[in-house]
Structures are given as C-alpha cells and as structure tokens.
Amino acid sequence: MMRLIVFIFLCVGGNSLAQNSQAEVVNTKSDWLVYQAGKFTRYDQQPAKAIYFWVDSRKEKAKSLWLSGKHPYTLFINSKLIWQGDGTIELPIDSLTRIYSSQLFIGVYTTRGVHHLQTGIKGRPLSNERDALPRRGNYFLDFSVMAALLLIVCFILFLRTNPTLTFDYLDINKLFSFQDRDESTLTLRIASSVNLLIYLFGSFFLGLMLLIALHQMGDQVSLALRFPIQSTAQGFWQWTILSVIIFSLLIAKLLWLVLLAALFGFRDTVSIQFFNFVRVILLAVSLLALICTMYFVFDVRQENYFFYLLTLLSIVFILGVAVIYFKLLARMPFHFFHLFSYLCASEIIPLMVLIKVFFY
C-alpha cells in the first residue's frame, strides 16, 4: 500500500530575520548547490532557478529549517513537494526526520531566480507563542488509493463483461509473436465502443502512474511543475486532465495511422498495429504499477527512482516499436526501407517527441 505521509507543522513567521524572534539562525547559503551540465556544483552567484543543500538531522536536533523569499518559491524535501508560496516558513527538523530520513535533501525552486531566497537552521525550537497551522492531511495518499480503487472496479467490469477481449490485451505471448495469430473479432474492430472504453481505461491508468511519478520527482523534470497536487480534489482534477490528454493523443495516433496506411499502401495493418500499441501501454503500465507498489511497501530512499521509472517506460515503448516492426515484416511484402520509413512516421518520430517532452 502506498505510504505517502506528509506530516509537517508549518509555522508562519515574519518577513525578515529581525521580525522572527531573538532565536539565532545559521545561514546555510554556503552549502547551496546548483545543477548544471549534468552535475551538482557549488553555488557561486551564478544565475539559477533552483538551489539544493543537505541537512544532517542528527547534527541539528531540536532545531528548525528556516526559509524565506520575497517572491513565490516551491520547497521539495527528498524530491517530494512540501510547500508553495512566499514569505517565511519554519519546519521542525525532528518531525522531518520521522517522515523521511536523517539525511534531508532540500530543493527550492523559484522562477524569479534564487537571489531573493534565504535559508538557514534556527537554533532553537519554534516559539510556543505562535500557533502552528493544522496538520496537513494525506491528500495524495487519499487520492492515489481512491483512484486505484476506481481503476480496479473498472478492470473487474471489463473482465465480467468482455473477458476474451480483456485477456487479449494482456496476452504477452501474442505481443511477442511475430507470426499471424487468431485475434478476437472485437480486436480487429479498433473503433468499437468496447475498445474505446479500454483506450479510455488505459489512458486513466497511465495518467495515474505518471502523476505518481511526477509528484515524487518534484522539479527533476519541468513537466512535474505543470501538474501540482495540493489537495485530493486537485489530484482528481489533474488526473482527469492528464488522462484526457493521453486519450486524445491515442485517438490522434489512430487517425494518423489510418492516414499513413493509405499513403504507404499498407492494408489491414492499422488494426493490428494500434491494438499492439495499446497492448504495450497496458502491459508497461502494469509493470510500472508493480514497481511503484514495491517502492512504497519497502520505503525505498532513492532520489532518482521515479526518473529511472520513466526511463524504463521509454525503453518499453522502444521495444514495442521493434516488436511491431517484426510483426509487419512478417505479414507485409514490402522492402525493408519502405517499412522502416513507415515506422519512422508512425512510431519512431512521435515517440522521440514524447521522450523530449517528458525529460526536457
């Protein structure tokens, strides 16, 4: 079961060091790092939109993480989105340790540049005179569990109403078979209402896995900043938006395949090619769901875990292109270069565009 527990008391202070209290704040600017040219380097007044630094909670017991900014900024701890806004916040380091680990990797992102940011370690616990804000709920956990239950119910309905078609989509043997095999009648009717519902189900399934990955990755990819989730309701809204985008891309791909098949003179290939593409999506996302479950069950502490997860998804799609190539090669009499040109237009170039969007 997913274990995303955000347990943080945010205490709102003043707008400057003088307004906070007489507690000593040790500036951590000398520990700032920036990510440039594929590696972390020490911050030296160079232009940057994100800074990073480590906090060893074993050395900072009974202290607080202190941050301040004149412009809006986003705070990540161990690649998890914690807070968005401006002004000053204080977070008890002991509480952060119980949630994450003794080694806290702090990331702060701001579109206005990092020059207005201040970070430090406050030398004593938060003042008792200030009222702490209510404990933040496990909104992402609530959203993830409810969304997963909805998908499970939909999958059970597909199994009860169309078991043959459902198992066809999950048949690994048929996926890697390069010879013609008997497919169900509904398989070849790719625009039927049942298939459209499965495409929609696959879109929501993939959308949920991508949202979980993006939420955990923080600012490692720019796309994550376009789908922030700060409440359960917002989680469902972002999930719906992302899933509708994926479904629209699937329909656009289907129409594109129909057009290319007519231009290249390929007959009776659209149904097989698109069906196998959706089959690759469902099998790949099922694998991702299993890996995500293992991540939360075993409480993996790996900064780049979900980045590697998206990399694995890209590799699976590339293998899917290779599989469809051999499938078409076995049933079409065309020359190698003619088939390769068709695959470039229908599979390879769109896949490269998607990888570019996700990772850059």
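**View 1. Residues around the second largest cavity of the predicted model.** The second largest cavity in this predicted model is lined by Gln-273, Asn-276, Phe-277, Val-280, Phe-317, Gly-320, Val-321, Ile-324 and Glu-347. Its volume comes to about 70 Å³, and at least two residues of its lining are supplied by each of two helices, H9 and H10 (305-331). Sorted by class, the residues of this lining are five nonpolar, three polar and one charged.

**View 2. The largest cavity and the residues closest to its centre.** The model has two cavities of 30 Å³ or more, and the largest cavity holds about 100 Å³ of space. Eleven residues line this largest cavity, and those closest to its centre are Phe-76, Leu-81, Ala-224, Phe-227 and Pro-228. Strand S7 (80-92) and helix H7 are the elements that give two or more residues to the lining. In the lining of the largest cavity, eight residues are nonpolar and three are polar, while no charged residue takes part.

**View 3. The crossing of helices H7 and H9.** Helix H7, which spans residues 193-217, and helix H9, which spans residues 270-297, have axes that come within 10 Å and cross at roughly 35°; the crossing is left-handed. On the H7 side, the residues that meet H9 are Ile-198, Tyr-199, Phe-201, Gly-202, Phe-205, Leu-206, Met-209, Ile-212 and Gln-216. On the H9 side, the residues that meet H7 are Phe-274, Val-278, Ile-281, Leu-282, Val-285, Ser-286, Leu-288, Ala-289, Cys-292, Tyr-295 and Phe-296. Taken by class, the residues of this contact include 17 that are nonpolar and three that are polar, with no charged residue among them.

**View 4. The aromatic pair of Tyr-169 and Phe-275.** The structure holds 21 aromatic pairs, and one of them is formed by the rings of Tyr-169 and Phe-275. A pair of aromatic rings is described by the distance of the centres and the angle of the planes. For Tyr-169 and Phe-275 the ring centres are 4.4 Å apart and the planes stand at 40°, so the pair is tilted. Because Tyr-169 lies in helix H4 (residues 163-169) and Phe-275 lies in helix H9, the pair ties together parts that are 106 residues apart in sequence.

Notes
Residues numbered from 1 in each chain as written. Predicted model: local features only at pLDDT ≥ 70, side-chain atom pairs only at ≥ 80, totals over all residues. Heavy atoms only, no water. Axes fitted to C-alpha atoms, helices over the stretch in contact; angles between N-to-C directions. Helix = DSSP H or I, 4+ residues; strand = E, 2+ residues; numbered from the N terminus. Left-handed = near helix turned anticlockwise from the far one by under 90°. Contact = heavy atoms within 4.5 Å. Nonpolar A, V, L, I, M, F, W, Y, C, P; charged D, E, K, R; others polar. 1 Å grid on protein atoms, 1.4 Å probe; cavity = no way out; pocket = protein on both sides within 12 Å on 5 of 7 lines; lining within 4 Å. Points joined across faces, edges and corners; volume = space filled by probe spheres on them. Phe/Tyr/Trp six-rings, centres within 6.5 Å; stacked < 30°, edge-to-face > 60°.
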